[in-house]
Amino acid sequence: MTDDNDIRGTAGYGAHATTLAAQYESISFADVHRDVIHLFPGTPGRVLDIGAGSGRDAAALARLGHQVTAVEPTPELREQGQRLHADLPISWRADHLPDLVHTRATGERYDLILLTAVWMHLDAQERSTAMRALAELLADGGQIVMSLRHGPVPGGRRMFDVSAEETIALAAAQGLNVCHHSEREDMLERRDVRWSFLGFRRTSAEG
């Protein structure tokens, strides 16, 4: 069995799961996604929340009637999410980027794939592999929405300086078109941190 310290990018999260969960839950779903919420399905659909953390976003989407699968590789964070949102029909899964082996094995395709503050934990090769996996999991007409963190790397964390331009190019190589690109300040009011929000759409076979 693989624990979170064996998964690149998750080291340090398990030991601070309680503190991190409280931090994640302190910011509302609406505030985090205010620039991209118009991209989310307006009717109930299949949602994949990758790096779901405490389950804040998964819970909000489940309350809207979506069928939500929350992927979280860190056992301690997964347990926090299951405890905090035990009243909601969220399907929790232990899996991780870049390959998402267990998730791809189900054959399920998703109308919305959400990656909030996740992508910058992957190195260049992992990002290329991960984008292929995301494209495979996306339903026709579906969308990928992700946020990228820019700024100093906290001690003990594995992060990379990932540009929106590189991410858009990786998506284009997989037949995904950018439908949203915005920049904003840090929601925790850190002056040296900013965020990019990106949306990608797969055009249906019918065009």
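Visitor: Among contacts between residues at least 6 apart in sequence, what share joins residues at least 24 apart?
Guide: In this predicted model, 68% of such contacts in the protein chain join residues at least 24 apart.

Visitor: How many helices and strands are there?
Guide: The protein chain has 7 helices and 7 strands. Along the sequence, their pattern reads α-α-β-α-β-α-β-α-β-α-β-α-β-β.

Visitor: What percentage of the residues is buried?
Guide: Of the 207 residues in the protein chain, 52% are buried. The chain exposes about 9,500 Å², and carbon and sulfur atoms supply 49% of that area.

Visitor: How many residues are in the largest nonpolar core?
Guide: The largest nonpolar core has 51 residues. Those with the most contacts inside it are I113, L115, W119, L134 and M146.

Visitor: And which elements supply at least two residues of this core each?
Guide: Among the helices, these are helix 3 (56-63), helix 6 (124-137) and helix 7 (164-173). Among the strands, they are strand 1, strand 2 (67-71), strand 4, strand 5 (138-150) and strand 7 (194-201).

Visitor: Let us pick L115. Where does it lie, and is L115 buried or exposed?
Guide: L115 lies in strand 4 (residues 110-115). Its relative accessibility is 0%, so L115 counts as buried.

Visitor: Which residues is L115 in contact with, leaving aside neighbours within four places in sequence?
Guide: L115 is in contact with I50, L97, L134, I144, V145, M146 and S147. As for L198, 83 residues away along the chain, its C-alpha atom is separated from that of L115 by 9.9 Å.

Visitor: What does I113 touch, not counting residues up to four places away?
Guide: I113 touches L48, I50, L134, L137, L138, Q143, I144 and V145.

Visitor: A change of topic: how many aromatic pairs does the count come to?
Guide: The count comes to 1 aromatic pair. F29 and F40 form this pair, which is tilted, with 6.0 Å from centre to centre and 45 degrees between the planes.

Visitor: Which parts does the pair tie together?
Guide: F29 lies in helix 2 (residues 29-32) and F40 in the loop between helix 2 and strand 1 (46-50), so the pair ties together parts that are 11 residues apart in sequence.

Visitor: Are F29 and F40 buried or exposed?
Guide: Both F29 and F40 are buried.

Key:
Residues are numbered from 1 along each chain as its sequence is written. This is a predicted model: local features need pLDDT of at least 70, side-chain atom pairs count only at pLDDT 80 or more; totals for chains, interfaces and linings use all residues. Side-chain values use heavy atoms; hydrogens and water are left out. Helices (H or I, at least four residues) and strands (E, at least two) are DSSP runs, numbered from the N terminus. Buried means under 20% relative accessible area, exposed over 50%, partly exposed in between (1.4 Å probe, protein chains only). Contact means heavy atoms within 4.5 Å. Accessible areas come from the Shrake-Rupley method with a 1.4 Å probe; for residues, only the protein chains shown count as cover. Rings of Phe, Tyr and Trp (its six-membered ring) pair if their centres lie within 6.5 Å; planes under 30 degrees apart count as stacked, over 60 as edge-to-face and the rest as tilted. A nonpolar core is a set of buried Ala, Val, Leu, Ile, Met, Phe, Trp, Tyr and Cys residues joined through side-chain atoms within 4.5 Å.
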